[in-house]
Structure formats: structure tokens, C-alpha cells
Amino acid sequence: MIARQTYRLGSSLGRHTSTRQRIFRFAATTGALFLCAISSLANEARHLTLPEAVHLALQQNRTLKIARYKVQENDYRKQAARSDYLPTITTNRT
């Protein structure tokens, strides 16, 4: 009886191992197919018209972005300087 239990235990471990291997193979295959699908989508060519290309170039140019932010910063400084000329009202409670 002990030999039979050992045999059954050994055979059930063998089945679990093959099931685990199948699950691993399935997961690996699914993952590989998923990565291939993503890479094929990323490699698709995008056709742009000239105005779209110019718009994208102007949007993504770092030098132009910095220049825009500097203009915006100067506008904020000008607004702050103007607000210094306006009267201020304070209330003091004693």
C-alpha cells in the first residue's frame, strides 16, 4: 500500500509538471504574439499632409516650446508689474 501511494504521488506530480509546462508555454506564446502585434502596429507608416507635418514640427520643436514659455513668463511679469501700480486696500483690526 505504501508503494501504491508513492506511485500515485509520483504520477500526480508528473501531471502537474506537464500542466505547468503547458501553461508556461501558452503564456509565453501568447506574450510573444502580443509583442509582435504591438511592434507591427508601431511600425505602420503614417501619411501626413504638408500642413499636418508643419503643425507637428512646430508643436514638438523644443526651441519653440521654450520660446513660447518665455513669452508667457514675460506676460506674467508684465501683469505683476502692472498690479503694483494699482491701489491696495488693507484692513487692520485692533
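Helix axes are lines fitted to C-alpha atoms over the stretch in contact, and angles run from 0 to 180 degrees between N-to-C directions. The model is predicted: local features need pLDDT of at least 70, side-chain atom pairs count only at pLDDT 80 or more, and totals for chains, interfaces and linings use all residues. Residues are numbered from 1 along each chain as its sequence is written, and side-chain values use heavy atoms, without hydrogens and water.

**View 1. The chain and its elements.** The chain holds three helices and zero strands (DSSP runs numbered from the N terminus; helices are H or I with at least four residues, strands E with at least two). From the N terminus the order is α-α-α.

**View 2. Helices H2 and H3.** The axes of H2 and H3 (residues 62-85) come within 5 Å and cross at roughly 60°. H2 is therefore oblique to H3 (angles under 35 degrees count as roughly parallel, over 145 as roughly antiparallel, 65 to 115 as roughly perpendicular, the rest as oblique). Leu58, Gln59 and Gln60 of H2 meet Arg62, Leu64, Lys65 and Arg68 of H3 (contact: heavy atoms within 4.5 Å).

**View 3. Val54.** Val54 lies in helix H2. The relative accessible area of Val54 is 43%, which means that Val54 is partly exposed (buried is under 20%, exposed over 50%, partly exposed in between; 1.4 Å probe, protein chains only). Buried residues account for 0% of the 94 residues in the chain.
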